Amino acid sequence: MAGFNTLSVTVFLLFLAVLYCSAQPPFKKFEYKYSFKGPHLIQKDETVPFWQYGGSALASEDKVRVTPSLRSRRGYIWSKMETSFDWWEIEVIFKVTGRGRVGADGLGIWFTQTRGEEGGVYGSSDKWNGMGLFFDSFDNDNQRNNPYILVVTNDGTKQYDHHNDGLMQQLGGCMRDFRNKPFPVRAKVEYYKNVLTVYFHQGLSANDHDYELCMRAENVYLPQKGYFGVSAATGGLADDHDVMKFLTHSLATPESKIDKDGFITDEEAKKFKDEFDDFQGKLQQQKEDFRQQHPDKIRDDYDDTDSFFEDDFTRELKLILTTQNGVMQQIKMLGSKLDEIVGRQERTLSLMSSVQAASAASIGGGGAPPVQHTGGAGSVMQRHEVDSLLNTQRELQQSVRDIRNVVGDVQNKAGLIYNRQPTNQGAQMNQGNPLADHEMLDKINSIQDSVLKLTHRPETQQAICPPAPEMPSCLTPTLFFVFAFIQIFVIFLYTVYRSKQEAAAKKFY
Ligand SMILES: [Ca+2]
Ligand SMILES: [Ca+2]
């Protein structure tokens with residue numbers, strides 16, 4: 001009974017130990033020889049340390065442009081060294097950007113037994129042995145399910161089914177849009193204890209924890225050793241495929257870590273030290289080379305680290321400069337606003353003067369010259385021009401008023417004279433009709449004229465004509481006046497007679 005108890009306790013403890021070990025997260029170690037990232041992604045000879053790239057791929061300081069957004073391009077980048085660990089996790093931070101609503105073809109992240117070559121599967125060769133994680137932009141089978149993310153494993157015999165977007169061959173996948181995101185998108189692939197898990201970060205934030213599960217598959221058997229790679233391709237449509245970071249971690253089970261006890265052997269320590277010295281030597285050599293090639297760019301204080309930092313005084317000065325710049329910008333802005341206001345006022349003034357001129361013209365019966373309405377921004381009237389124009393308008397208005405007064409005066413006087421004339425001619429004339437009165441007036445006027453002519457004639461004749469021959473007694477002034485009186489009398493009688501006749505005629509009607 002006691003033996004059974006001991007056995008059951010041992011089994012239970014073993015079970016707990018296994019459970020504990022399996023629940024423990026794996027130990028992660030960053031593998032710099034299988035990684036690349038900015039800001040100093042390339043060396044001076046434009047190579048990426050521990051990586052090789054080709055096709056249309058171009059590496060710069062902060063990214064590898066696997067393809068540019070040009071038609072029918074293929075590019076790739078592969079790690080140089082074969083992996084030396086069983087389990088791993090890779091995180092790839094990249095961008096797929098293009099002007100079109102639809103892009104092509106896509107990007108592949110690889111772990112394969114041998115490095116791929118330029119080929120037809122997202123820029124890399126077909127019939128690979130290992131895993132391909134594909135970001136398929138273009139919808140070849142027209143199922144309206146792209147952009148799509150899928151994992152396809154291959155043992156080196158299968159050909160990728162492009163026409164169906166690899167749907168029948170996929171180990172798993174998810175439909176996510178990874179193009180034209182505000183932040184770089186990220187993919188994390190974990191291969192640990194034959195479980196392959198893919199997480200995806202949609203690039204809607206820069207938060208490191210915004211990953212979501214895309215697919216998970218168990219019992220996945222990938223080659224024990226292999227190479228990591230990224231490839232991309234464009235077709236009739238084209239996107240930029242830019243990889244900012246490729247970060248690899250090796251994963252170790254807690255058991256294996258406990259076996260190693262966290263220590264490294266002397267042999268390993270020596271190996272790491274040699275590697276470090278080797279790199280240090282290479283760095284110094286490159287520095288020397290650079291100094292020799294660019295003597296003009298060498299600064300004596302280049303190695304003086306103090307020159308890279310600023311002191312308090314400099315920082316304060318910079319702060320003051322920044323503040324003053326801000327103040328200056330504000331003043332400039334105020335100045336421009338003031339200019340704008342002055343411009344508006346001038347425009348308003350010119351408009352007002354034109355309105356005044358129009359009203360003056362309507363008062364003066366159109367005598368004023370028309371003032372041009374200046375609508376254009378460049379033809380704003382000056383103040384003194386407006387003033388002179390207004391003065392002219394006033395003078396003109398005054399003159400028109402004067403003329404009007406004079407005309408009115410003349411009219412009044414004329415009216416007075418007209419009203420006064422008939423009363424002087426006698427009360428009888430008022431009783432007759434106006435036509436007769438006028439006739440009468442005309443005749444009297446003509447008589448007066450003739451009288452005047454006659455009275456003035458002797459002097460003019462004396463001045464101009466030769467002396468007339470003596471006539472016995474032709475016409476004396478007395479005789480003339482007698483005749484004139486008789487004539488007036490006859491006309492008067494005739495007028496009276498005619499008015500009477502007309503009065504008699506009216507009685508018949
Ligand atoms: Ca496709
Ligand atoms: Ca599709």
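Q: How many bridges join strand β10 to strand β11?

A: Some ground rules come with that. This is a predicted model, where local features need pLDDT of at least 70, side-chain atom pairs count only at pLDDT 80 or more, and totals for chains, interfaces and linings use all residues. Residues are numbered from 1 along each chain as its sequence is written, and chains are lettered from A and ligands numbered from 1 in the order in which they are written. Strands (E, at least two residues) and helices (H or I, at least four) are DSSP runs numbered from the N terminus, and two strands pair if DSSP finds at least two bridges between them. Here, eight bridges link β10 (residues 129-136) with the antiparallel β11 (residues 148-155). Gly132 sits opposite Val152 of β11.

Q: What is the strand order of the open sheet of seven strands?

A: Read it as β3-β6-β16-β8-β10-β11-β12, with antiparallel pairing. At the edges, β3 (51-55) and β12 (172-174) each pair on one side only. The twist averages 15° from one strand to the next, with angles taken between N-to-C directions, from 0 to 180 degrees, of lines fitted to C-alpha atoms.

Q: Which residue in the hairpin of β13 and β14 takes a positive phi?

A: Lys193, with phi near 55°; the hairpin has two residues between its strands. Seven bridges hold β13 (residues 185-192) against the antiparallel β14 (residues 195-201), and Arg186 has His201 as its bridge partner. On to the next strand: β14 also has five bridges to β15 (residues 212-217), again antiparallel, where Val198 partners Met215.

Q: Which residues have the most contacts inside the largest nonpolar core?

A: Such a core is a set of buried Ala, Val, Leu, Ile, Met, Phe, Trp, Tyr and Cys residues joined through C-beta atoms within 7 Å. Buried means 20 or more other C-beta atoms within 10 Å of the residue's own, placed from the backbone. This core has 52 residues, and the top ones are Val66, Ile77, Val92, Leu107, Leu133 and Val230. Strand β7 (residues 87-97) supplies the largest share, seven residues. Beyond its neighbours within four places in sequence, Val66 is in contact (C-beta atoms within 7 Å) with residues including Ile77, Leu107 and Val230.

Q: Is helix α3 hardly covered or buried, and how many of its residues are buried?

A: Hardly covered: the count of buried residues is zero among its 28. Helix α3 (residues 266-293) spans 40 Å between its first and last C-alpha, close to the 40 Å expected, taking 1.5 Å times one less than the number of residues.

Notes: Buried ≥ 20, exposed ≤ 12 C-beta atoms within 10 Å, placed from the backbone. Contact = placed C-beta atoms within 7 Å.
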